[in-house]
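Please open the model in a viewer and keep the sequence alongside. The stops below are given in the order in which to select them.

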Amino acid sequence: MAGSAHGHTPAAWTGVIISFIGFCIAGVFMVAANVPGFWAGMGVIVLGGVVGGAMKIAGMGMPKETAAVAAARETATRSALERTAA
């Protein structure tokens, strides 16, 4: 994953941070036996996913791979495999 820079975008970071805050809220209210507070935290978790998805659609996520990049990657992989097999 580190080689592909998966998740290193403003959309991913924002979605995860909001969801983490919701997880903390839900956890505190679960321990406090407060059902409405727990569900409010769960709502914040869902909100994090929605915000992250909206930011991705707005162009703040990973760009989609073009056909040229996919073909170049496949060619490079094949040549690397042929070198190691020989």
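**The aromatic pair**

Across the whole structure, which is a predicted model, a search finds one aromatic pair. Select phenylalanine 38 and tryptophan 39: their ring centres are 5.1 Å apart and their planes lie at 75°, so the pair is edge-to-face (Phe, Tyr and Trp rings, the last by its six-membered ring, pair with centres within 6.5 Å; planes under 30 degrees apart are stacked, over 60 edge-to-face, the rest tilted). Phenylalanine 38 is buried at 18% relative accessibility, whereas tryptophan 39 is exposed at 56% (buried is under 20% relative accessible area, exposed over 50%, partly exposed in between, with a 1.4 Å probe and protein chains only).

Residues are numbered from 1 along each chain as its sequence is written. Local features need pLDDT of at least 70 and side-chain atom pairs pLDDT 80 or more, while totals for chains, interfaces and linings use all residues; side-chain values use heavy atoms, without hydrogens and water.

**Threonine 9**

Next, select threonine 9, in the segment before H1. Threonine 9 is buried, with a relative accessible area of 8%. Its side chain reaches the backbone nitrogen of alanine 12 at 3.2 Å. Leaving aside residues up to four places away in sequence, threonine 9 touches Met60, Gly61 and Met62 (contact means heavy atoms within 4.5 Å).

**Alanine 54**

Finally, select alanine 54, which is partly exposed at 43% relative accessibility. Asparagine 34 is 20 residues from alanine 54 in sequence and 30 Å away in space, C-alpha to C-alpha.

Note on methods. Helices (H or I, at least four residues) and strands (E, at least two) are DSSP runs, numbered from the N terminus. A polar contact is a pair of N or O atoms within 3.5 Å; within protein, one must be able to donate a hydrogen and the other to accept it, and residues adjacent in sequence count only if both atoms are side-chain atoms.
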